[in-house]
Amino acid sequence: MKILSKAIVTLFFLLIPASCCYATSVEFTLREDEQRIKDNVVSFKNSVFLFEHTGKINRNQINKIKFYPPREETTSYFIQAKKDVKEILKQANKFQQKFKDAEGLILLDEEKSILKPDGTRIMRYHFIGKILKPSKKEWARNSISFDENRQRVNIPFARTIKQDGQVIDLDRAKIKISSPAQGMRHFGRYKILSFTLPEVDCGDICEYIIEKEVFNPWDKKIFDPEFFFQSHEPVLLSKFSVTIPDSLKLHYITRNIDILPDILRKDKTKTYIWEMKEIPPIIDEPYMPGYIDIAPGVFTTTLDSWDYLFDRDAEFIKERMKIAQEIKNLALSITKGSKNKEQKIAFIYHWLEKNIRYVSIKGSISSGMWGHPASLTLKNKFGDCVDKAVLFATMLKTIGIEAYPVG
């Protein structure tokens, strides 16, 4: 490689604007170890180069540099996305004129739920939002909970789009997986994947895709994704799609909207698509109904009826309500002297309230959904709401009062 003089290198730096965004192929030599690297300059700002593959390097770390004509095409997502970055900025500016007082603009709110023939499923969520006020900087911080025994979470794409069009991709090394901070009364097996988009400020755009794969669903027969379209910030485009094998039927209902889905058939699958555009924000009012009661929503399932759920849940609950002698003896002693059925129920209820501490230990879907056996909860002297309900119903049953937990 022909070595450029110091004057030429200096001229190269001077020709680069203080803030720019483009793709120029270069070969440079690091000052420290004379390592030669060939890469593409993505941007140069505040004396720092951002290279397509190498990342950020301060210009003082570079000793020699040679540059080539810009490439016409590249496989880099960033270079391919230059046109869509311009379009995103254009749409954001146009949409902002309609909602000048908003704290943020949601440009894209899209979820895709995909059911595979083997019962596994994938959820992909794509978000693009423009931050207008400091309160919406929270969009840069994201966390997703998952059960590592059943699910995998991936962030295939995440970036910050600055006001001038510069793109700063998420450093994948900064994606963290940790155990959640749990209170003294809650113990679970979930993990948290978290990431923060870089250098986010007011006027910037946050964009990311979250992909969650359920490789070990707790019940392959149950697939019931749902989606709500409205937010407390204006939404330019909100889109929801559900893809299932062509052999299945998708049942759905809508609330607070009256739109039919587009249905696309391809490769032995059916995809149902709902979308809404330019949705105004929800304005909170005193004593207003809850979000799910007012927001437009779609609820789907592949089940033909709820009978499967009722029958399945009943079997699990029956297993946990087996009457043990110690449970019967306790119930009889607690209700001794009661005058009627109502008093018996009250005596047992207050005994449970005083003697069974609230501690939630969930090691699986089984205990999470249907609780622990009544005898185990009594032995431990602790349990959560489901555990207490199972024990309560079992104790009532031992003294002739028909009872069962209601989910």
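These are my notebook entries on a predicted model of a protein chain.

**Entry 1. The whole chain.**
I began with the totals. The protein chain has 407 residues, and buried residues make up 43% of them. I found 10 helices and 23 strands listed for the chain. I then looked at contacts between residues at least 6 apart in sequence: 70% of these join residues at least 24 apart.

**Entry 2. The nonpolar cores.**
I looked up the largest nonpolar core, which has 34 residues. Among the residues with the most contacts inside this core are Ile-155, Phe-195, Leu-197 and Trp-274. The elements that give two or more residues to the core are all strands: S6, S7, S8, S9, S13, S14, S16 and S19. Strand S16 gives the largest share, 4 residues. I also noted a second, separate core of 23 residues, which includes Leu-330, Ala-374, Ile-399 and Ala-403. As a general point, nonpolar side chains in soluble globular proteins tend to be buried together.

**Entry 3. Leu-197 and Arg-159.**
I checked what Leu-197 touches beyond four places in sequence, and its list includes Ala-140, Ala-158, Arg-159, Leu-170 and Tyr-208. Arg-159 sits in strand S9, residues 151-161. I then asked which side chains make polar contacts with the side chain of Arg-159. One is that of Asp-84, at 2.9 Å, and another is that of Glu-207, at 2.8 Å. Glu-207 is also among the residues that Leu-197 touches.

**Entry 4. Thr-120.**
I moved to the loop between S6 and S7, where Thr-120 is found. Thr-120 has a relative accessible area of 11%, under the 20% cut-off, and is therefore buried. Its side chain is joined to that of Asp-118 by a polar contact of 2.7 Å. Leaving aside neighbours within four places, I found Thr-120 in contact with Ile-114, Leu-115, Val-214, Phe-215 and Pro-217.

Which residues of helix H6 (residues 325-334) are buried? I found Ile-327, Leu-330, Ala-331 and Ile-334. They cover an arc of only 100 degrees around the axis, so they lie on the same side of H6. In an α-helix there are 3.6 residues a turn, so residues three or four places apart point the same way. The buried residues of H6 pack against helices H7, H9 and H10. Leu-330 I had already met in the second core.
In the loop between H6 and H7 I found Asn-340. Asn-340 is partly exposed, with a relative accessible area of 36%. Its side chain reaches the backbone nitrogen of Gln-343 at 2.8 Å.

**Entry 5. Helix H10.**
Last I looked at H10. At 1.5 Å a residue, its 14 residues should span 20 Å, and the end C-alpha atoms are 20 Å apart, which agrees. Asp-384 caps the N-terminal end of H10, with a side-chain oxygen 3.2 Å from the backbone nitrogen of Val-386. The buried residues of H10 include Asp-387, Val-390, Phe-392 and Met-395. After H10 comes Gly-400, and I noted that its phi is positive, near 90 degrees.

Methods:
Residues are numbered from 1 along each chain as its sequence is written. This is a predicted model: local features need pLDDT of at least 70, side-chain atom pairs count only at pLDDT 80 or more; totals for chains, interfaces and linings use all residues. Side-chain values use heavy atoms; hydrogens and water are left out. Buried means under 20% relative accessible area, exposed over 50%, partly exposed in between (1.4 Å probe, protein chains only). The arc is that of the directions from the helix axis to the C-beta atoms. Contact means heavy atoms within 4.5 Å. The expected span of a helix is 1.5 Å times one less than its number of residues. A polar contact is a pair of N or O atoms within 3.5 Å; within protein, one must be able to donate a hydrogen and the other to accept it, and residues adjacent in sequence count only if both atoms are side-chain atoms. A nonpolar core is a set of buried Ala, Val, Leu, Ile, Met, Phe, Trp, Tyr and Cys residues joined through side-chain atoms within 4.5 Å.
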